[in-house]
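Try each task before you read its solution.

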Amino acid sequence: MKHYPYQIDSLESYKEAYKQSLDNPAAFWGDIARNFSWMHSWKNVLDWNFEEPSVKWFDGAKLNITVNCLDRHLEEHASDIALIFDANDPEEASRHISYQELYDEVNRMALVMKARGIKKGDRVCIYMGMIPELAIAVLACARIGAIHSVIFGGFSARSVADRINDAQAKAVITCDGAYRGAKQIELKSIIDDALEQCLSVQSVFVVNRTNTPVSMIKDRDYWWDEEMLNIPLGSFCEPEPMNAEDPLFILYTSGSTGKPKGVVHSCGGYMVYATYSFVNVFQYQLGEVHFCTADIGWITGHSYIVYGPLCAGATSLMFEGIPTWPNASRFWEICEKHRVNILYTAPTAIRSLMGLGDEFVESFSLQSLRVLGSVGEPINEEAWQWFHDKVGKGRCPIVDTWWQTETGGIMISNIAGITPQKPAFATLPLPGIFPELVNENGNVIEGNEVSGNLVISHPWPATIRTTWGDHERCKQTYFSAYPGKYFTGDGALRDKDGNYRITGRVDDVLNVSGHRIGTAEVENAINMHQGVVESAVVGYPHDLKGQGIYAYVIYQGKHNESQDQLRSDILSTVIRIIGPIAKPDKIQFVQGLPKTRSGKIMRRILRKIAERDASNLGDTSTLLDPSVVDSIRQGAL
């Protein structure tokens, strides 16, 4: 049943929409965009040049994304539930927030920020746990035209400071602390440590979540609740008119060099694409409960907890905790309790729950589930089958979605119940997405049953616009390897039916539990440990995480330390500098690294050793010292 004018409802309508998007992208997206609220229409639907790169969608149009997320639903759907919040502690009462209530809270927080001098174009960093105030903060920034940059709550003070300084943020929104499983994370104290290195921040707003004693600095730190009391309930904040191409948010992602990149998304194109992809991939029907288990600190949470669902008038469920606490039935308990219709989660979570036994899932009624989704990394066939059989009871389509922070929304995926699914395949591109496979020389590989590097040949509305403060870096990272095309950094194969399977990263970026981590970033952190001379980091297959982190370390510090103690110390350094998500799974101490005569580390060899595939290491004749390889191989973990 079709609830949205642009909703695909059959295989034929998918094929027709895809053909229209190929024949005339501007007309196709212009028709879809007319279903949104605009303050002023566009002069031109699309103007682009991937060589620069320069991409403009709906340029000249004026809008505010929060009008589309909130205001336009009030006339007919004010009492509909916008957000359901399920707390980390299963004993804590859930919160159901209607569109009217969310609208009221967003208006008040927007006025709080304006009263503290925050205006259009200012950057606001948000470092919070997964509570409703996080979604309210994001929307309040968008309401006044401030550019939000959400930082995942697992990052260290140094990583937070790097992001705040890169964005030159004027304000920070945080919590006293956050609950995550059995842990309590002291977010405010991490912010305090970070802000010792940040001169741009003038205001810090603090939500009281854990009742943790915190240091509040006079004329800088303000309690969220106290600030909100200054704004009467029912107050209205005029939505800031934004050009479609104005930045909406910055989201930092790891790159193949050490410094995180601030990916910039625009107001208009991102809104249209996040909503279009949400409605179509999940085949969303009004009134359904959509449960995306991601953190809003990642792009998945931006697009499929906040912006896509709210623009579509959906009910979006936010979960504060983790899937295995207090036990491995937590997801299924939430699905039963809130009668969840769509569950969108990561292969890492699926694999960990699968490994803990079927009894946790079998004791709950999952009759309400209609669609299952996978995101963050390619899902292996065993996990796909378990998800399909044990969670979906064989009746729920699984959408295996491929996309990236830089793409803003799902790019390649089957459409639930409409286009065919195939285990471990992302399958077909969405309308408006034109993937190609190229060889190392950039030549397009035609036909089916082929593999190559995955590129996108034409822009889509949520294309990355730039990297914050460094457009040349955007060009070099995404548009220079294959001029005129967006390079995803992923390899892929295409089967006989044109379905795509993502085979993994082909650059120096690891995909660990769905989190992208640059090898250079981890190496830089390891090298800061006293006594470490040099390190090299590669990925290797990991049963739970998909990819694990394997570090080869040359250490010349004190020799009376045990290797176990050294490993522990190095892990502590990585956690302090980046955060727990980047800690290596294996650390092998080596005497040297396999280097060419020009000094380049031959990672191909290290990768093969880490993968326990050292039987054929290929040509090692160009190495400065080939004997290094034998000693590394003998000491492999």
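Axes are lines fitted to C-alpha atoms, for helices over the stretch in contact, and angles run from 0 to 180 degrees between N-to-C directions. Keep in mind that this is a predicted model.

**Exercise 1.** Find how the axes of helix 13 and helix 15 cross, and classify the angle.

*Solution.* Step one: locate helix 13 at residues 347-355 and helix 15 at residues 381-391. Step two: take the angle. Their axes come within 10 Å and cross at roughly 75 degrees. Step three: classify. Angles of 65 to 115 degrees count as roughly perpendicular. Helix 13 and helix 15 are therefore roughly perpendicular to each other. Step four: look at the contact. Ile350, Arg351, Leu353 and Met354 of helix 13 meet Glu382, Ala383, Trp386 and Phe387 of helix 15. Six of the residues in this contact are nonpolar, two are charged and none is polar.

**Exercise 2.** Which strands stand at the edges of the seven-strand sheet?

*Solution.* Step one: write the order, 5-4-17-16-18-19-20, for this open sheet with mixed pairing. Step two: read the edges. Strand 5 (95-98) and strand 20 (398-400) each have a single partner strand, so one side of each lacks a neighbour in the sheet. Step four: check one pair. Strand 4 and strand 17 run parallel, with four bridges. Phe85 stands opposite Met318 in strand 17.

**Exercise 3.** Describe the hairpin of strand 24 and strand 25.

*Solution.* Step one: strand 24 (residues 486-494) and strand 25 (residues 500-505) run antiparallel, joined by five bridges. Step two: Ala492 has Ile502 in strand 25 as its bridge partner. Step three: five residues lie between the strands, and Gly498 in the turn has a positive phi of about 85 degrees.

How values were computed. Residues are numbered from 1 along each chain as its sequence is written. This is a predicted model: local features need pLDDT of at least 70, side-chain atom pairs count only at pLDDT 80 or more; totals for chains, interfaces and linings use all residues. Side-chain values use heavy atoms; hydrogens and water are left out. Helices (H or I, at least four residues) and strands (E, at least two) are DSSP runs, numbered from the N terminus. Angles under 35 degrees count as roughly parallel, over 145 as roughly antiparallel, 65 to 115 as roughly perpendicular and the rest as oblique. Contact means heavy atoms within 4.5 Å. Ala, Val, Leu, Ile, Met, Phe, Trp, Tyr, Cys and Pro count as nonpolar, Asp, Glu, Lys and Arg as charged, and the others, Gly among them, as polar. Two strands pair if DSSP finds at least two bridges between them.
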